[in-house]
Amino acid sequence: MNQFRRTFLKGAGAAGTVAVAVAAGLLKPTQVLAAEWNKAGFTATKLDEALKTIGGAGAAESKDILVKAPDIAENGAVVPVEIESKIPGTTSIALIIETNLNPLCSTYDFSNGALGYVSTRVKMAKSSKVRAIVKAGGKTYTAAKEVKVTIGGCGG
Amino acid sequence: MADPMKIRATMQGDVADVKVLMSHIMETGQRKDPKTGQLIPAHFIQEVTATVNGKLVLDSQWSQAISKNPFLGFKVKGAKAGDKVVVNWVDNKGEKNTAEATIG
(Lines give C-alpha, C1' and ligand atoms only; values in the text may rest on other atoms or scores of the structure.)
Protein backbone atom coordinates (compact mmCIF):
# COMPACT_ATOMS: atom_id res chain seq x y z
CA MET A 1 0.00 0.00 0.00
CA ASN A 2 1.53 3.30 -1.00
CA GLN A 3 1.74 6.36 1.21
CA PHE A 4 -0.86 8.41 -0.65
CA ARG A 5 -3.44 5.68 -0.32
CA ARG A 6 -2.72 5.38 3.40
CA THR A 7 -3.14 9.10 4.00
CA PHE A 8 -6.30 9.12 1.93
CA LEU A 9 -7.85 6.29 3.87
CA LYS A 10 -6.93 7.91 7.16
CA GLY A 11 -8.60 11.15 6.04
CA ALA A 12 -11.70 9.29 4.89
CA GLY A 13 -11.90 7.56 8.25
CA ALA A 14 -11.72 10.86 10.12
CA ALA A 15 -14.43 12.42 7.92
CA GLY A 16 -16.60 9.41 8.63
CA THR A 17 -16.25 10.02 12.36
CA VAL A 18 -17.47 13.60 11.96
CA ALA A 19 -20.48 12.44 9.94
CA VAL A 20 -21.34 9.92 12.65
CA ALA A 21 -21.01 12.60 15.33
CA VAL A 22 -23.36 14.89 13.40
CA ALA A 23 -25.85 12.08 12.92
CA ALA A 24 -25.72 11.26 16.62
CA GLY A 25 -26.46 14.88 17.44
CA LEU A 26 -23.16 15.33 19.25
CA LEU A 27 -22.24 18.18 16.96
CA LYS A 28 -24.85 20.61 15.80
CA PRO A 29 -24.52 21.34 12.08
CA THR A 30 -24.52 25.10 12.77
CA GLN A 31 -21.41 24.73 14.90
CA VAL A 32 -19.65 22.77 12.18
CA LEU A 33 -20.52 25.36 9.55
CA ALA A 34 -19.68 28.44 11.63
CA ALA A 35 -17.10 30.63 9.92
CA GLU A 36 -13.55 29.94 10.98
CA TRP A 37 -11.92 32.46 13.29
CA ASN A 38 -10.10 35.09 11.24
CA LYS A 39 -6.64 34.37 12.61
CA ALA A 40 -4.79 36.39 9.97
CA GLY A 41 -6.91 39.45 10.72
CA PHE A 42 -6.86 39.25 14.50
CA THR A 43 -3.10 38.66 14.71
CA ALA A 44 -2.18 41.31 12.12
CA THR A 45 -0.18 44.11 13.71
CA LYS A 46 -0.61 46.60 10.87
CA LEU A 47 -3.87 48.36 10.23
CA ASP A 48 -3.71 47.81 6.44
CA GLU A 49 -3.20 44.06 6.80
CA ALA A 50 -6.06 43.75 9.26
CA LEU A 51 -8.32 45.74 6.93
CA LYS A 52 -7.43 43.52 3.97
CA THR A 53 -8.58 40.35 5.75
CA ILE A 54 -12.05 41.78 6.29
CA GLY A 55 -12.29 43.48 2.90
CA GLY A 56 -12.32 46.87 4.56
CA ALA A 57 -9.64 48.64 2.52
CA GLY A 58 -10.95 51.67 0.66
CA ALA A 59 -14.17 51.94 2.66
CA ALA A 60 -16.09 55.18 2.12
CA GLU A 61 -16.55 57.58 5.03
CA SER A 62 -20.20 57.68 6.07
CA LYS A 63 -22.16 59.94 8.38
CA ASP A 64 -24.81 57.25 8.80
CA ILE A 65 -22.59 55.26 11.12
CA LEU A 66 -22.59 56.37 14.72
CA VAL A 67 -19.60 55.42 16.83
CA LYS A 68 -20.40 56.15 20.45
CA ALA A 69 -17.47 56.10 22.84
CA PRO A 70 -16.21 58.41 25.58
CA ASP A 71 -14.01 61.39 24.56
CA ILE A 72 -11.67 60.54 27.40
CA ALA A 73 -11.38 57.04 28.84
CA GLU A 74 -9.87 56.97 32.29
CA ASN A 75 -9.37 53.22 32.23
CA GLY A 76 -8.26 51.74 28.92
CA ALA A 77 -9.10 48.23 30.12
CA VAL A 78 -12.81 48.93 29.91
CA VAL A 79 -13.94 51.38 27.25
CA PRO A 80 -17.64 51.19 26.36
CA VAL A 81 -18.23 51.39 22.60
CA GLU A 82 -21.52 51.43 20.75
CA ILE A 83 -21.80 51.25 16.98
CA GLU A 84 -24.98 51.91 15.10
CA SER A 85 -25.27 51.77 11.34
CA LYS A 86 -28.24 53.54 9.81
CA ILE A 87 -27.29 52.33 6.35
CA PRO A 88 -30.10 50.08 5.06
CA GLY A 89 -29.13 46.45 4.57
CA THR A 90 -26.20 46.46 6.97
CA THR A 91 -24.88 42.90 7.11
CA SER A 92 -21.76 43.25 9.21
CA ILE A 93 -19.76 45.55 11.46
CA ALA A 94 -16.05 45.29 12.25
CA LEU A 95 -14.59 47.18 15.18
CA ILE A 96 -11.03 48.44 14.93
CA ILE A 97 -8.82 50.15 17.51
CA GLU A 98 -6.22 51.73 15.25
CA THR A 99 -3.26 51.95 17.63
CA ASN A 100 -3.71 48.63 19.47
CA LEU A 101 -0.99 45.99 18.95
CA ASN A 102 -3.56 44.01 16.96
CA PRO A 103 -5.89 46.64 15.51
CA LEU A 104 -8.77 44.33 14.59
CA CYS A 105 -10.88 44.02 17.73
CA SER A 106 -14.03 42.16 16.75
CA THR A 107 -16.47 41.47 13.93
CA TYR A 108 -20.24 41.04 13.97
CA ASP A 109 -22.35 39.45 11.21
CA PHE A 110 -26.08 40.09 11.32
CA SER A 111 -28.91 37.97 9.91
CA ASN A 112 -32.62 37.20 10.34
CA GLY A 113 -33.71 40.66 11.48
CA ALA A 114 -30.74 41.68 13.63
CA LEU A 115 -30.16 45.42 13.31
CA GLY A 116 -26.80 47.00 12.44
CA TYR A 117 -26.13 47.76 16.06
CA VAL A 118 -23.67 46.46 18.59
CA SER A 119 -22.62 47.52 22.04
CA THR A 120 -19.51 46.22 23.77
CA ARG A 121 -16.56 47.09 26.02
CA VAL A 122 -13.02 47.04 24.68
CA LYS A 123 -9.41 47.34 25.82
CA MET A 124 -7.30 50.21 24.48
CA ALA A 125 -3.54 50.41 24.96
CA LYS A 126 -3.39 54.14 24.29
CA SER A 127 -5.32 56.99 22.71
CA SER A 128 -6.66 55.91 19.37
CA LYS A 129 -9.31 56.24 16.75
CA VAL A 130 -12.06 53.70 17.28
CA ARG A 131 -13.15 52.77 13.78
CA ALA A 132 -16.18 50.91 12.50
CA ILE A 133 -16.20 49.19 9.12
CA VAL A 134 -19.72 48.51 7.95
CA LYS A 135 -20.76 46.28 5.06
CA ALA A 136 -24.09 46.99 3.45
CA GLY A 137 -25.36 45.92 0.05
CA GLY A 138 -21.92 44.71 -1.04
CA LYS A 139 -20.25 48.05 -0.25
CA THR A 140 -18.09 49.05 2.67
CA TYR A 141 -18.42 52.20 4.73
CA THR A 142 -16.48 53.53 7.66
CA ALA A 143 -16.60 56.03 10.52
CA ALA A 144 -14.31 56.69 13.46
CA LYS A 145 -14.15 58.47 16.77
CA GLU A 146 -11.06 59.60 18.64
CA VAL A 147 -10.80 58.34 22.22
CA LYS A 148 -8.14 59.64 24.61
CA VAL A 149 -6.90 57.05 27.07
CA THR A 150 -5.24 58.15 30.29
CA ILE A 151 -4.31 54.67 31.61
CA GLY A 152 -3.70 51.90 29.06
CA GLY A 153 -5.56 48.62 29.20
CA CYS A 154 -2.99 46.25 27.71
CA GLY A 155 0.12 44.87 29.37
CA GLY A 156 1.35 45.77 32.88
CA MET B 1 -15.19 28.61 33.58
CA ALA B 2 -18.71 27.42 33.98
CA ASP B 3 -19.80 30.68 35.52
CA PRO B 4 -23.25 31.45 34.19
CA MET B 5 -23.90 34.01 31.50
CA LYS B 6 -26.61 36.58 32.13
CA ILE B 7 -29.01 37.56 29.39
CA ARG B 8 -31.65 40.25 29.54
CA ALA B 9 -33.95 40.59 26.55
CA THR B 10 -36.73 43.19 26.42
CA MET B 11 -39.01 44.50 23.69
CA GLN B 12 -38.57 48.16 22.77
CA GLY B 13 -41.36 48.78 20.28
CA ASP B 14 -40.94 46.15 17.56
CA VAL B 15 -37.26 45.60 18.32
CA ALA B 16 -35.88 43.17 20.87
CA ASP B 17 -33.05 44.68 22.87
CA VAL B 18 -30.71 41.93 24.06
CA LYS B 19 -27.97 42.47 26.63
CA VAL B 20 -25.53 39.73 27.56
CA LEU B 21 -22.98 39.66 30.34
CA MET B 22 -20.42 36.86 30.15
CA SER B 23 -17.95 35.74 32.72
CA HIS B 24 -14.49 35.30 31.21
CA ILE B 25 -10.95 36.35 32.09
CA MET B 26 -10.14 37.57 28.52
CA GLU B 27 -6.37 37.26 29.03
CA THR B 28 -4.47 39.00 26.21
CA GLY B 29 -1.30 36.92 26.18
CA GLN B 30 0.66 40.18 26.39
CA ARG B 31 0.70 40.49 30.17
CA LYS B 32 3.52 39.20 32.36
CA ASP B 33 3.02 37.46 35.65
CA PRO B 34 4.63 39.91 38.13
CA LYS B 35 5.99 37.03 40.26
CA THR B 36 7.61 34.87 37.60
CA GLY B 37 8.17 37.36 34.77
CA GLN B 38 6.62 34.84 32.38
CA LEU B 39 3.96 35.82 29.88
CA ILE B 40 0.49 34.73 30.94
CA PRO B 41 -0.92 32.62 28.07
CA ALA B 42 -3.73 34.15 26.06
CA HIS B 43 -7.20 32.97 27.01
CA PHE B 44 -10.11 34.75 25.40
CA ILE B 45 -13.47 34.21 23.73
CA GLN B 46 -13.12 33.88 19.95
CA GLU B 47 -16.60 33.26 18.72
CA VAL B 48 -20.03 34.32 19.94
CA THR B 49 -23.27 33.35 18.25
CA ALA B 50 -26.83 34.26 19.10
CA THR B 51 -30.08 32.75 17.88
CA VAL B 52 -33.71 33.78 18.28
CA ASN B 53 -36.12 30.83 18.12
CA GLY B 54 -33.32 28.75 16.59
CA LYS B 55 -32.51 31.23 13.81
CA LEU B 56 -29.03 32.72 13.74
CA VAL B 57 -29.13 36.50 14.28
CA LEU B 58 -25.56 37.33 15.26
CA ASP B 59 -22.29 35.61 14.38
CA SER B 60 -19.43 37.41 16.02
CA GLN B 61 -15.66 36.91 16.17
CA TRP B 62 -13.62 38.46 18.97
CA SER B 63 -10.00 39.11 19.77
CA GLN B 64 -8.27 39.56 23.11
CA ALA B 65 -9.10 43.29 22.91
CA ILE B 66 -12.60 42.73 24.30
CA SER B 67 -12.66 43.63 28.01
CA LYS B 68 -12.69 41.10 30.82
CA ASN B 69 -16.18 39.78 31.68
CA PRO B 70 -17.49 40.87 28.28
CA PHE B 71 -20.68 42.79 27.71
CA LEU B 72 -22.54 42.43 24.42
CA GLY B 73 -25.63 44.30 23.32
CA PHE B 74 -27.53 43.74 20.08
CA LYS B 75 -30.99 44.39 18.65
CA VAL B 76 -33.30 42.16 16.65
CA LYS B 77 -36.23 43.45 14.61
CA GLY B 78 -39.24 41.21 14.17
CA ALA B 79 -38.71 39.24 17.35
CA LYS B 80 -41.59 39.21 19.83
CA ALA B 81 -42.18 38.69 23.52
CA GLY B 82 -41.92 35.03 24.42
CA ASP B 83 -39.28 34.23 21.77
CA LYS B 84 -36.28 32.30 22.99
CA VAL B 85 -32.81 33.84 22.77
CA VAL B 86 -29.80 31.52 22.98
CA VAL B 87 -26.21 32.79 23.20
CA ASN B 88 -23.15 30.55 22.76
CA TRP B 89 -19.45 31.31 23.07
CA VAL B 90 -16.27 29.36 22.39
CA ASP B 91 -12.82 30.46 23.55
CA ASN B 92 -9.32 29.80 22.20
CA LYS B 93 -8.92 26.79 24.49
CA GLY B 94 -12.12 25.21 23.18
CA GLU B 95 -14.09 25.96 26.33
CA LYS B 96 -17.74 26.72 25.70
CA ASN B 97 -20.72 28.18 27.44
CA THR B 98 -24.32 28.65 26.50
CA ALA B 99 -27.29 30.41 28.04
CA GLU B 100 -30.86 31.12 27.07
CA ALA B 101 -33.53 33.63 27.99
CA THR B 102 -37.05 34.50 26.99
CA ILE B 103 -37.78 37.92 25.53
CA GLY B 104 -39.93 39.79 28.02
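This is a predicted model: local features need pLDDT of at least 70, side-chain atom pairs count only at pLDDT 80 or more; totals for chains, interfaces and linings use all residues.
Biologist: What share of chain B is buried?

Modeller: 50% of its 104 residues. Buried means under 20% relative accessible area, exposed over 50%, and partly exposed in between, with a 1.4 Å probe and protein chains only. The accessible surface of chain B is about 5,100 Å², and carbon and sulfur atoms account for 51% of that. The areas come from the Shrake-Rupley method with a 1.4 Å probe; for residues, only the protein chains shown count as cover.

Biologist: And contacts in chain B, what share joins residues at least 24 apart?

Modeller: 55%, among contacts between residues at least 6 apart in sequence. A contact is heavy atoms within 4.5 Å.

Biologist: Sheets next. What is the strand order in the six-stranded open one?

Modeller: β2(A)-β4(A)-β7(A)-β5(B)-β2(B)-β1(B), with antiparallel pairing. Two strands pair if DSSP finds at least two bridges between them.

Biologist: Which strands stand at the edges?

Modeller: β2 (65–68) of chain A and β1 (6–12) of chain B. Each has a single partner strand, so one side of each is left without a neighbour in the sheet. From one strand to the next the twist averages 10°, using axes fitted to C-alpha atoms, with angles from 0 to 180 degrees between N-to-C directions.

Biologist: How many bridges join β1(B) to β2(B)?

Modeller: Seven, and the two run antiparallel; β2(B) covers residues 15–21. Thr10(B) is opposite Asp17(B) there.

Biologist: Back to chain A: why call β5 largely enclosed?

Modeller: Because seven of the eight residues of β5(A), residues 90–97, are buried. β5(A) pairs antiparallel with β8(A), residues 128–136, over seven bridges. Ile93(A) has Val134(A) as its bridge partner in β8(A). Five bridges join β5(A) to β6(A), residues 104–110, also run antiparallel, and these two form a hairpin with six residues between them.

Biologist: How many aromatic pairs over all chains?

Modeller: Two. Rings of Phe, Tyr and Trp (its six-membered ring) pair if their centres lie within 6.5 Å; planes under 30 degrees apart are stacked, over 60 edge-to-face, the rest tilted. Trp37(A) and Phe42(A) are stacked, at 5.0 Å centre to centre and 15° between planes. Trp37(A) and Phe44(B) are tilted, at 5.8 Å and 50°.

Biologist: Where do Trp37(A) and Phe44(B) lie?

Modeller: Trp37(A) is in the loop between α2 (29–33) and α3 (39–43) of chain A, and Phe44(B) in the loop between β2 and β3 (45–52) of chain B, so the pair joins two chains. Phe44(B) is buried at 6% relative accessible area, and Trp37(A) is buried at 16%.

Biologist: Which ring does the charged end of Lys75(B) sit over?

Modeller: That of Tyr117(A), 4.2 Å from its centre. The criterion is NZ of Lys or CZ of Arg within 6 Å of the ring centre and within 35 degrees of the ring normal.

Technical notes:
Residues are numbered from 1 along each chain as its sequence is written. Chains are lettered from A and ligands numbered from 1 in the order in which they are written. Side-chain values use heavy atoms; hydrogens and water are left out. Helices (H or I, at least four residues) and strands (E, at least two) are DSSP runs, numbered from the N terminus.
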